[in-house]
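Please read them with the coordinates open.

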Amino acid sequence: MAKTSVRPGGPPLKSPLDYPDSPLSRAISTQPLLLGVFLNLQDIHVSSQPTSNSWTYDYNLACVQEADRQGFELAFSRMQWLPKGGYDGEASLDAFIALGAMASATKNIHLISTLHVLYGPLHPLHLAKWGATLDHISKGRWGINVVTGHRAIEHEMFGGGRIEHDQRYARSGELFDVLNSLWAEDENLSYDANESGKGNAWRLKDAFITPKPLYGRPVLVNATGSPAGIDFASSYSDIVFITSPGGAHIDSALETLPAHIATIKEAAKQKGREIKTLINPIVVSRDTPEEAEAYAQAIWEGKPKQEGAKSFGENKHYESDAQAWKGRKDARHKQGLNIGGNIEIIGSPEQVADQIEALHKIGIDGVQLSFYDFLPDLEHFGKKILPILKERGLRT
C-alpha cells in the first residue's frame, strides 16, 4: 500500500480513522459492537415461507431507515452480475447506485456501495469523482465494498475472462493506490498502469479532482478469507468482512473463527494498521426458543428440495474460485440449515444476544445482520434484542 501519493513528492494518504471527528471514528470509539444491515437488492427466494421482502429501492430504503433509527452504523448489499435466469427472480438493483442514493434519506448510518472494481474496467478518475461526490452528499458516511470478482461468467459479461485470484488483488491494490492519491493530491496526477505490469491498462494525464472527500477518503471494506485477500484488506480496508471457516452453525463458527481473526488482525498490525472484523449472521428470532425454532424449521421446510433445484448461496451452475466459503464444504463442521447469512443465529431474544455476545468475545468487532423477513424481523430485533445488547454493554 502506498503511504504517500504515487506522484513523487506527493502528500501522505489518510483514511477516515485518521480524523477523530469522522463518522467512522465516532462510531468505532463509542460502540463496543458495530451493527450493520445486509440488504437484498435482488429478488431472492430462499424458501416458500411467506415474507414481505422486495428487491425494490423503496423497501430496502425502509430497511435502512429503520436500521438508522435503531442506531446501526453500516448498511450494504451483495452485488452480482449474472445472465438471464441467474438470479432466483429476475430483478437486481445496482448496489453502487442504490446505496449512494440513500445518503440524502438517512442521518447517521454508513452506506457502503458494493462495487466490482475490475469489471469494465472502471477508470480511476471516474471512481474518484463519483466517490468524492457521494462522500459530500453523505457527509462522510459513504464507502466502497471492494469486490474483485470470483466467477468467470461475470468477467465474461464485460468482455474479458476471469483474472487469476491473487492477480485480482494486485490489480485492485494498484487501483486504490491511485484512487487514494487522487483523493489526497494537491497537484495534477499522471500515471500509466501499463508500466507496472500488473495487468491494468488505464492511464491518467494531469488528472485532478475537487472537492476532496471530507475525511481523507471514503470508507473502504472488502470481504475475503484468502491470504491475498487478507493482505489487501490489511493494507487498504478499514473493515474486513469475513466468513466462518467452520461453516454456518454457530458452534463451528465460534470454534474456528478465533484463529482466523487473529491472522487478519496480526497482518494489519504488521503494517502499522488496525482493522475491524465484520461477519454476516442471519438472525431468526421469536419471543420464545420454541417459536424461533419453529420459524427456522418452517423456512427450511420451504426450501427447494428437488434434485437440481437452485439452492440459496450456492449458485451451483456458475463455477467460482472464491476461497472464503470453503468451510461450508468441510464435513468436520456443522453446517446449519443453509437459510441465509454466513452464520445462523436462531433463538429467543436472550439466546440471540448470547450468540452475538459470544461472537464479540472471540474478536468479532461487528455483525452485519440479515433477516428472513427483512423489515418485520429487523423491527423485532430493535424492540426485543437491541435492549438486551445495551444492558450487556455491547451497545451504548
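This is a predicted model: local features need pLDDT of at least 70, side-chain atom pairs count only at pLDDT 80 or more; totals for chains, interfaces and linings use all residues.

1. Salt bridges overall. The structure holds 15 salt bridges. I pick out a few of them here.

2. The Arg217 pair. The side chains of Arg217 and Asp238 form a salt bridge, at 2.9 Å from N to O.

3. Arg392 and Glu350. A salt bridge also connects the side chains of Arg392 and Glu350, at 2.8 Å from N to O. Again the link is between distant parts of the chain, 42 residues apart. Arg392 belongs to the segment after helix H11 (374-391), while Glu350 is in helix H10 (residues 349-361). Arg392 counts as partly exposed because its relative accessibility is 28%, a value between the 20% and 50% cut-offs. Glu350 is partly exposed too, at 42%.

4. Arg392 and Asp354. Arg392 has a salt bridge with Asp354 as well, at 2.7 Å from N to O. Asp354 is in helix H10, 38 residues from Arg392. With 39% relative accessibility, Asp354 counts as partly exposed.

5. The network. These contacts belong to a wider set. Glu350, Asp354, Glu357 and Arg392 are linked in a network of salt bridges.

6. A cis peptide. Most peptide bonds are trans. The bond joining Thr210 and Pro211 is cis, with omega at about 5°. Pro211 lies in the loop between S6 and S7.

7. Asp206. Most residues other than glycine have a negative phi. Asp206 is not a glycine, yet its phi is positive, about 50°. Asp206 is located in strand S6. Its relative accessible area is 46%, so Asp206 is partly exposed.

8. Asn338. Which residue other than glycine has a positive phi near 55°? That residue is Asn338. Asn338 lies in the loop between helix H9 (289-301) and strand S11 (343-347). Asn338 counts as buried because its relative accessibility is 15%, and the cut-off for buried is under 20%.

Notes: Residues are numbered from 1 along each chain as its sequence is written. Side-chain values use heavy atoms; hydrogens and water are left out. A salt bridge is a side-chain nitrogen of Lys or Arg within 4 Å of a carboxyl oxygen of Asp or Glu. Helices (H or I, at least four residues) and strands (E, at least two) are DSSP runs, numbered from the N terminus. Buried means under 20% relative accessible area, exposed over 50%, partly exposed in between (1.4 Å probe, protein chains only).
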